[in-house]
Amino acid sequence: MMVFKATCSDMTCTMGSGTFRYQLGVPATAEGSRCGSTGLHACEYVLDCTGYYGLGGGNRFFLAEAAGDIAEDGINTRIACTELTLVQELTSREIAAQAVLYMVKHPRREGWKKAGRLLDVKEDCAIAEEPGAIAIARGSRPLAKGPLGSHLGLVREDGSGITDARILTVGRRGIKPDTWYTVRDGLPVEAGIAEGGRDETEAD
């Protein structure tokens, strides 16, 4: 089962009354698994990890493989398992991309909205406040913007489900800072908000 794991900068996590240090590619093991109590913990939705280790501050995020005895308790998407292997460290852009991919795969699941340092994920309109921040907007006409180096996710949906999704990094491929963007037919589109409606023009 592919999941996500966040750690401190030195790849340590709280485990029981102590700490445990992970190593990339090396399986970690535990004798039992019970969410919030025993075992190795991770989340199916990468942004659920931010409830335990926030973005920034040196915290690190990984794609991981959970195996052995896997337990769930219905609190967000967290799991506990008896074997966990960190497979790949994720960049901020990759975290944003994995969050959008989760929404596309599970469009009817709740709990996707998130807010915190360097993070704004909500309906319709989201703003990244600083470089490296993630802003994901989801709705019928999603809008997102941010400064240079921020990452924008745009998820368009209608009554039938998600119809379009895109990840943008401000400053790359003509994506301008502090400019509202939406997505249409798989392409990023500048969105000018005018009185009485929205005026959309395709981005460079």
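This is a predicted model: local features need pLDDT of at least 70, side-chain atom pairs count only at pLDDT 80 or more; totals for chains, interfaces and linings use all residues.
Residues are numbered from 1 along each chain as its sequence is written. Local features need pLDDT of at least 70, side-chain atom pairs count only at pLDDT 80 or more, totals for chains, interfaces and linings use all residues, and side-chain values use heavy atoms, with hydrogens and water left out.

Start with the rings. A pair of aromatic rings is described by the distance of the centres and the angle of the planes. Rings of Phe, Tyr and Trp (its six-membered ring) pair if their centres lie within 6.5 Å; planes under 30 degrees apart count as stacked, over 60 as edge-to-face and the rest as tilted. By this rule there are two aromatic pairs. In one, the ring centres of Phe20 and Tyr22 are 4.9 Å apart and the planes stand at 80 degrees, so this pair is edge-to-face.

How open are these residues? Buried means under 20% relative accessible area, exposed means over 50%, and partly exposed lies in between (1.4 Å probe, protein chains only). Phe20 is partly exposed, at 25%. Tyr22 is buried, at 4%.

Now look at Tyr45 and Tyr102. Their ring centres are 4.4 Å apart and their planes are at 25 degrees, so the pair is stacked. Tyr45 sits in the loop between β5 (40–43) and β6 (60–72), and Tyr102 sits in helix α1 (residues 92–105), so the pair ties together parts that are 57 residues apart in sequence. Helices (H or I, at least four residues) and strands (E, at least two) are DSSP runs, numbered from the N terminus. Tyr45 and Tyr102 are both buried.

Turn to the cysteines. A disulfide is a pair of cysteine sulfur atoms within 2.5 Å. The structure has zero disulfides. Cys8 is in none; its nearest cysteine sulfur belongs to Cys13, 6.3 Å away. Cys8 is partly exposed, with a relative accessible area of 28%. Cys13 is buried, with a relative accessible area of 4%.

Last comes the backbone. Most residues other than glycine have a negative phi. Leu118 is not a glycine, yet its phi is positive, about 65 degrees. Leu118 lies in the loop between β8 (114–116) and β9 (119–127). At 15% relative accessibility, Leu118 counts as buried. Asp178 is not a glycine either, and has a positive phi of about 50 degrees. Look for Asp178 in the loop between β12 (161–169) and β13 (181–184). Asp178 is exposed, with a relative accessible area of 57%.
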